[in-house]
Amino acid sequence: VSVLADAHRIVSLAEDVLVDCITSDAYAATVMGRSWAGHSKSSVRGIRFWWASPKGSKPGELYISVPGAALGNVSHLEAHDFFCYLRCAYGFECSRIDIALDDYTRSTPLETVADAARKGNYAYARSHRIYESAKRSDSELVGKTVYFGSPASDKLVRVYDKTVESGGAIDAIRWELQLRKSKANLVCSAWLDIEPRRIDRAGAEFLASLVTGSVHFCDRTTEEKNLDRLPVLDWWGEFVLRVGGAVKICMPKKVSLFETSLKWLRSQVSPTWAMARRILGDAYQVVHYALLEEGEARFNSRHTAIIARASGEWATA
């Protein structure tokens with residue numbers, strides 16, 4: 001977002017599309033994870049934003065937080081159009097996305113999920129936690145949340161009784177997937193790539209299947225390590241069938257700069273250097289070490305950074 005006028009334009013668009021009223025001060029500096037030149041003060045539906053001024057050749061930035069209360073006030077298509085426009089016009093990227101799947105039939109009791117967690121009959125997460133909460137004045141109304149995954153990780157699944165949490169406004173067991181950083185942006189980009197004419201159905205099916213694909217419940221009481229061979233718990237198989245499937249998030253493998261450099265050496269340099277060895281004969285070693293010394297003398301900060309990172313990666317490989 002190059003200029004403040006663009007930031008105001010985006011905020012105004014958010015007010016129009018998401019039916020909100022945002023009061024802000026673009027010049028009221030604040031700190032939220034980092035320093036920002038201005039931020040929103042209040043909003044009817046909870047939309048918030050933070051603005052960073054341009055610095056040199058670096059453009060300004062606008063960070064927006066849109067809660068469920070705002071998204072739930074518009075259609076799937078309207079929300080999709082809004083973020084598609086931000087991506088096309090301003091290179092929008094998503095740093096966090098929460099996807100909720102509500103089981104209004106309550107056919108899978110929360111205690112069934114908690115029991116599977118206690119027995120370790122789950123996959124796609126390394127750990128679980130079970131929290132209970134209640135008010136002293138109403139100790140019979142107990143809220144329970146089952147978490148799968150670490151709160152510090154980029155993926156977290158939580159299952160809880162939305163009836164208790166919402167005070168009866170939403171009578172359902174909620175399955176909620178929280179994604180952050182690259183996983184959030186990958187999923188959001190895939191959602192934005194869905195054709196607008198298909199978004200109402202295909203978008204809902206895609207998001208729901210991501211929730212069921214982020215955790216898996218199977219019988220892990222045997223020594224079998226292959227998850228595909230483990231029997232799926234009956235209640236989970238039925239739940240996934242009702243949702244319509246499960247999609248597991250697969251991040252592309254990161255290739256280090258050092259591996260890229262090695263690949264280039266093999267494809268471009270190795271034939272030439274093998275040829276040089278045959279031609280140089282006994283003088284090969286002298287030329288070889290002379291080139292190494294010349295190369296080290298020409299190191300810059302980028303080379304130093306690659307060495308520092310790759311040394312740690314290859315030491316633990």
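Student: What volume does the second largest pocket have?

Tutor: The model considered here is predicted. In this model, 19 residues line the second largest pocket, and they divide into 12 nonpolar, four polar and three charged. The volume of this pocket is about 880 Å³.

Student: Which helix gives the largest share of the lining of the second largest pocket?

Tutor: Helix H9 (257-280), helix H10 (284-297) and helix H11 (301-316) each supply at least two residues of that lining. Nearest the centre of the pocket lie Ser-261, Trp-264, Leu-265, Phe-299 and His-303. The largest share, seven residues, comes from H9.

Student: Which element gives the most to the lining of the largest pocket?

Tutor: The largest pocket holds about 1,700 Å³ of space. Its lining counts 44 residues, and the closest to the centre are Val-66, Leu-71, Phe-83, Arg-96 and Ile-97. Among the elements that each supply at least two lining residues are helix H2 (68-71), H3, H6 and H7. The element that gives the most, with seven residues, is E7.

Student: How many residues of H7 are buried?

Tutor: The cover over the buried residues of H7 includes helix H3 (76-90), strand E7 (96-103) and helix H8 (234-243). Among the buried residues are Ile-199, Phe-206 and Leu-210. Of the 14 residues of H7, the number buried is 10.

Student: How far apart are the end C-alpha atoms of helix H7?

Tutor: Helix H7 covers residues 199-212, and at 1.5 Å a residue its 14 residues should span 20 Å.

Definitions and conventions. Residues are numbered from 1 along each chain as its sequence is written. This is a predicted model: local features need pLDDT of at least 70, side-chain atom pairs count only at pLDDT 80 or more; totals for chains, interfaces and linings use all residues. Side-chain values use heavy atoms; hydrogens and water are left out. Helices (H or I, at least four residues) and strands (E, at least two) are DSSP runs, numbered from the N terminus. The expected span of a helix is 1.5 Å times one less than its number of residues. Buried means under 20% relative accessible area, exposed over 50%, partly exposed in between (1.4 Å probe, protein chains only). Contact means heavy atoms within 4.5 Å. On a 1 Å grid over the protein atoms alone, a cavity is a set of points where a 1.4 Å probe fits but cannot get out, and a pocket is an open set with protein on both sides within 12 Å along at least five of seven lines; lining residues have an atom within 4 Å of a point. Grid points are joined across faces, edges and corners, and a volume is the space filled by probe spheres set on the points. Ala, Val, Leu, Ile, Met, Phe, Trp, Tyr, Cys and Pro count as nonpolar, Asp, Glu, Lys and Arg as charged, and the others, Gly among them, as polar.
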